[in-house]
Amino acid sequence: MAQDVANLILVAPATVALVLRACRGHMLAWLWRVGVLAFTAYSYSIYLFSVHFGPLFLLWVAVLGLSVFTLVGSLSALGAVLAGPGRLGRLGRALRLPGWFLVGAALLFATMWLGEILPDLLAGTGSASAAAWRVPSNPVHVLDLAIFLPAVAASGVLLLRRSRLGAVIAPGALVFLALTCVPILVTPFVAQARGAAPGWAVIPPIGLVSSFTSATGSNPG
């Protein structure tokens, strides 16, 4: 439910707004759109592989497919951006803060997920978080550790190396991280509304990460 709230209230309107601005030649909107599309593909992959089959199944399939193909098309156009005139030489140390932040955020989330995974592996039991979802394995762990967190960390490393590719993909990585935080922040409110333990302790650290990510993503250097 928290993910639904984030998708309907924030992600879907942001997608439309960014597409309109990108079509008018706003480069940063085009780069932010990459992050929104990555988050949408991420979210609906989880919907399709861990939520029970239901009336919205074909809609979810369509959203996932459109997001993936649009994301691939956007990434394939990066060559034109990279070939344009650059200004990395004038950015200097401004790239280092978002670069270290991206690497640190990726390591933070990886550490959190490994903290859930390793005890279950060492105990020889199934995944506790997957059992709570009634699925064979936790799709968040799989997608984050296999694809998205390495991509976020790589974008940070490229920024630290003052790579043009890093400067181009970092805004999308920051947007992806910011959107990832939104359902986590909404979850305690949904839990309380449904009479479950809200888990308010997650708000301060994730809120801090979300605020810094949003601020940095709006002006990445």
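1. Leu-114, Leu-118, Leu-121, Leu-122 and Leu-145 make a nonpolar surface patch of about 490 Å². Such a patch consists of residues with over 30% relative accessible area and no salt bridge, with nonpolar side chains (Val, Leu, Ile, Met, Phe, Trp, Tyr) joined within 5 Å; a salt bridge is a side-chain nitrogen of Lys or Arg within 4 Å of a carboxyl oxygen of Asp or Glu. Accessible areas come from the Shrake-Rupley method with a 1.4 Å probe.

2. The model is predicted: local features need pLDDT of at least 70, side-chain atom pairs count only at pLDDT 80 or more, and totals for chains, interfaces and linings use all residues. Residues are numbered from 1 along each chain, and side-chain values use heavy atoms, without hydrogens and water.

3. Helix α6 (residues 96–123) gives the most to the patch, with 4 residues. Leu-145 belongs to helix α8 (residues 139–160) and counts as partly exposed because its relative accessibility is 31% (buried means under 20%, exposed over 50%, partly exposed in between).

4. The protein chain has 10 helices and 0 strands (DSSP runs, H or I of at least four residues for helices, E of at least two for strands, numbered from the N terminus). Of its 221 residues, 43% count as buried.

5. In helix α9 (residues 164–193), 21 of the 30 residues are buried, so the helix is largely enclosed by the rest of the structure. A kink of about 35 degrees lies at Ala-170, shortly before Pro-171; the bend is the angle between axes fitted to the seven residues ending there and the seven starting there.

Note on methods. Buried means under 20% relative accessible area, exposed over 50%, partly exposed in between (1.4 Å probe, protein chains only). Patches are made of residues with over 30% relative accessible area and no salt bridge: like charges are joined within 9 Å, nonpolar side chains (Val, Leu, Ile, Met, Phe, Trp, Tyr) within 5 Å.
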